Amino acid sequence: MAEQPGREPDYRFTLANERTFLAWVRTALALVAGGVAVWQYLPDLGLPALRSAIGIGLVALGTVLAALSHHRWRSTQDAIRHGRPLRSGVQIPLLAFGVTAIAVGILVLVLIGR
């Protein structure tokens, strides 16, 4: 997608936007790596389907977060360029809800595995 015309933003804002994008990508990579680790190395603890669901959930959450991070970067850059307010994104609620749901699943595994 080509940049739309507008005024050139202060480079510090552009670089801060890029750092934020990279932070979202690092978070997404950590979720994917955690999902693979859960899927491969976490013992069944009596509920193999829950272990698989946790691993798949982490990988899916990381994948969606990575995809949304580019959209967020582009939207923020466009808002900076045109002097518009920043839109709130869905990443934070998605991450909070997703990690909470996965943590509940892990809690169930820990309690059952006692």
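Helices here are DSSP runs of H or I with at least four residues, numbered from the N terminus. With that in hand, welcome to a predicted model, in which local features need pLDDT of at least 70, side-chain atom pairs count only at pLDDT 80 or more, and totals for chains, interfaces and linings use all residues. Residues are numbered from 1 along each chain as its sequence is written, and side-chain values use heavy atoms, with hydrogens and water left out.

**How the helices pack**

- Two packed helices are described by the angle between their axes and the distance between the axes.
- The axes of helix 1 and helix 2 come within 7 Å and cross at roughly 170°; axes are lines fitted to C-alpha atoms over the stretch in contact, and angles run from 0 to 180 degrees between N-to-C directions.
- Helix 1 is therefore roughly antiparallel to helix 2, a label for angles over 145 degrees.
- The contact of helix 1 with helix 2 has 19 nonpolar, 13 polar and two charged residues; Ala, Val, Leu, Ile, Met, Phe, Trp, Tyr, Cys and Pro count as nonpolar, Asp, Glu, Lys and Arg as charged, and the others, Gly among them, as polar.
- Helix 2 (residues 48-82) packs with helix 3 (residues 91-112) at about 170°, their axes being 10 Å apart.
- That angle makes helix 2 roughly antiparallel to helix 3.
- Where helix 2 meets helix 3, the contact has 14 nonpolar, five polar and two charged residues.
- On the helix 2 side, the contact residues include Leu50, Arg51 and Ile54, and on the helix 3 side they include Gly98, Gly105 and Leu109; contact means heavy atoms within 4.5 Å.

**A closer look at leucine 109**

- Leucine 109 lies in helix 3 and is buried, with a relative accessible area of 1%; buried means under 20% relative accessible area, with a 1.4 Å probe and protein chains only.
- Leaving out residues up to four places away in sequence, leucine 109 touches Leu42, Asp44, Leu45, Leu47, Leu50, Arg51 and Ile54.
- Alanine 53 is 56 residues from leucine 109 in sequence, and 11 Å away in space, C-alpha to C-alpha.

**The largest pocket**

- Thr20, Trp24, Arg72, Thr76 and Leu86 lie nearest the centre of the largest pocket, among its 13 lining residues.
- Helix 1 (11-41), helix 2 and helix 3 are the elements that give two or more residues to this lining.
- Helix 1 provides the largest share, five residues.
- By class, the lining has seven nonpolar, five polar and one charged residues.
- A pocket is an open set of points on a 1 Å grid over the protein atoms alone, where a 1.4 Å probe fits, with protein on both sides within 12 Å along at least five of seven lines; lining residues have an atom within 4 Å of a point.

Key. Angles under 35 degrees count as roughly parallel, over 145 as roughly antiparallel, 65 to 115 as roughly perpendicular and the rest as oblique. Buried means under 20% relative accessible area, exposed over 50%, partly exposed in between (1.4 Å probe, protein chains only).
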